[in-house]
Structure formats: structure tokens, C-alpha cells
Amino acid sequence: MVTRYPRGVDDPLGRTLVGVQAFLFVALAWGPSVGPSPAWLAPGWAALGVGLLLCGAVLAVLAGVRLGTGLTPFPRPRPGRGLITDGVYRLVRHPIYGGVLLMALGWTLVHPTLATLLGTSLLWLLFEVKSRYEERLLRTVHPEYDTYRRGRRRFVPFLY
């Protein structure tokens, strides 16, 4: 049985989480202009950062394409949509969040300031909270979610 949310269901927590997420995206973009980069950071770290940016973008795009019209920034699943368990979702439960986190970490390595490090850390904490809330909602709508989540990482395939 699939539980359907009525149209216009208010989700203040979901709205708040998305608002904080948007703020952190802006803060991360602004982060390189705040303070100097540490002189001790070797240039190779920037190359690793570019690699993480690219890997994160690929992961997030593949997940977004697979979700199709089910894609939403809000944690509440769209009504009437089935549980997606194929594509990159075979490997990880929240690949868009994971992709964004890889991009944020890459950005921090390319532009290492205290602001970008703090922004990436706060974004990770936010996605922890948001993904846990989303999983509670998914279990309500999709009873098979608990079976699906076993053996799959939260954000990054094979890592976390």
C-alpha cells in the first residue's frame, strides 16, 4: 500500500532545511573571498579538488536524471512516485547529496579558506539531518525502504 500525501501538505521542517541548504550554497560560493588560502597547502590538493568536483557533479547529475520528474529539493517524496532502486541508487541511498558534498569538498581543496571548510562541514551536517528526515518520510510512503537501505551507503558509493 502506498501512502499519498494530500496536495499542499505543509512541511515546515523540509522548507527550513532547503532554506539552510540554499544559504550554505551561497556561503560556499562566497567563501574563497574570505581570508587567505593557507600557504602550506601543496598544489596537488587543488588538482584533487578538481577531480572531486567532477566526480561529485557526475554522481549528482546521474542521480537527478534517474529521478526525472521525482526530483525535488525538498525531503518529502513526491506523491505517486515509486521507490527508485536502480542506476546509481543501487549503490547509494542519497547520491545527489553525496555528489554535492564531493563538489563542496573539491571546492574547499581548490579554494582552501576557513570559510569554505566551515561551509562544507556545515553542509555535511545539514545533509545528515536532511537525509535522516527524508528516510523517515520514505519509510512512511514505501514500506520496502528498510530492505532497500540495507547494504547501501548513505552518500558516496563504497565510502560513506
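# Close-up views of a predicted model

**View 1. Aromatic pairs and the stacked pair Y97–F127.** Searching the whole structure gives five aromatic pairs. Rings of Phe, Tyr and Trp (its six-membered ring) count as a pair if their centres lie within 6.5 Å; planes under 30 degrees apart are called stacked, over 60 edge-to-face, and the rest tilted. The Y97 and F127 rings are stacked because their centres are 4.6 Å apart and their planes stand at 15 degrees. This pair links distant parts of the chain, with Y97 in helix α3 and F127 in helix α4, 30 residues apart. Helices (H or I, at least four residues) and strands (E, at least two) are DSSP runs, numbered from the N terminus. Y97 is buried at 9% relative accessibility, and F127 is buried at 1%. Buried means under 20% relative accessible area, exposed over 50%, and partly exposed in between (1.4 Å probe, protein chains only). The model is a predicted one, in which local features need pLDDT of at least 70 and side-chain atom pairs count only at pLDDT 80 or more, while totals for chains, interfaces and linings use all residues. Residues are numbered from 1 along each chain as its sequence is written, and side-chain values use heavy atoms, with hydrogens and water left out.

**View 2. The tilted pair W124–Y160.** The ring centres of W124 and Y160 are 6.5 Å apart, with 50 degrees between the planes. Distant parts of the chain are linked here too: W124 is in helix α4 and Y160 in the segment after α5, 36 residues apart. W124 has a relative accessible area of 36% and is therefore partly exposed; Y160, at 37%, is partly exposed. Y97, W124, F127, F155 and Y160 form one aromatic cluster.

**View 3. The largest nonpolar core.** This core has 27 residues, and Y89, L123, F127 and F155 have the most contacts inside it. At least two core residues come from each of α1 (12–30), α2 (43–67), α3 (95–110), α4 (114–141) and α5 (145–149). A nonpolar core is a set of buried Ala, Val, Leu, Ile, Met, Phe, Trp, Tyr and Cys residues joined through side-chain atoms within 4.5 Å. Leaving aside neighbours within four places in sequence, Y89 is in contact (heavy atoms within 4.5 Å) with A63, R66, L67, I84, P95, I96, Y148 and R152.

**View 4. The largest pocket.** Its volume, the space filled by probe spheres set on grid points joined across faces, edges and corners, is about 500 Å³. Among the 29 lining residues, L67, G70, T72, Y89 and E134 are the closest to the pocket centre. On a 1 Å grid over the protein atoms alone, a pocket is an open set of points where a 1.4 Å probe fits, with protein on both sides within 12 Å along at least five of seven lines; lining residues have an atom within 4 Å of a point. Helices α3, α4 and α5 each supply at least two residues of the lining. The lining divides into 17 nonpolar, six polar and six charged residues.

**View 5. Y145 in helix α5.** Y145 is buried, at 1% relative accessibility. Not counting residues up to four places away in sequence, Y145 touches L83, R93, H94, E135, L138 and R139. The C-alpha atoms of Y145 and I84 are separated by 9.9 Å, with the two residues 61 apart along the chain.

**View 6. F158 in the segment after α5.** Phi of F158 is near 70 degrees, a positive value in a residue other than glycine. Most residues other than glycine have a negative phi. F158 is exposed, with a relative accessible area of 67%.

Note on methods:
Nonpolar A, V, L, I, M, F, W, Y, C, P; charged D, E, K, R; others polar.
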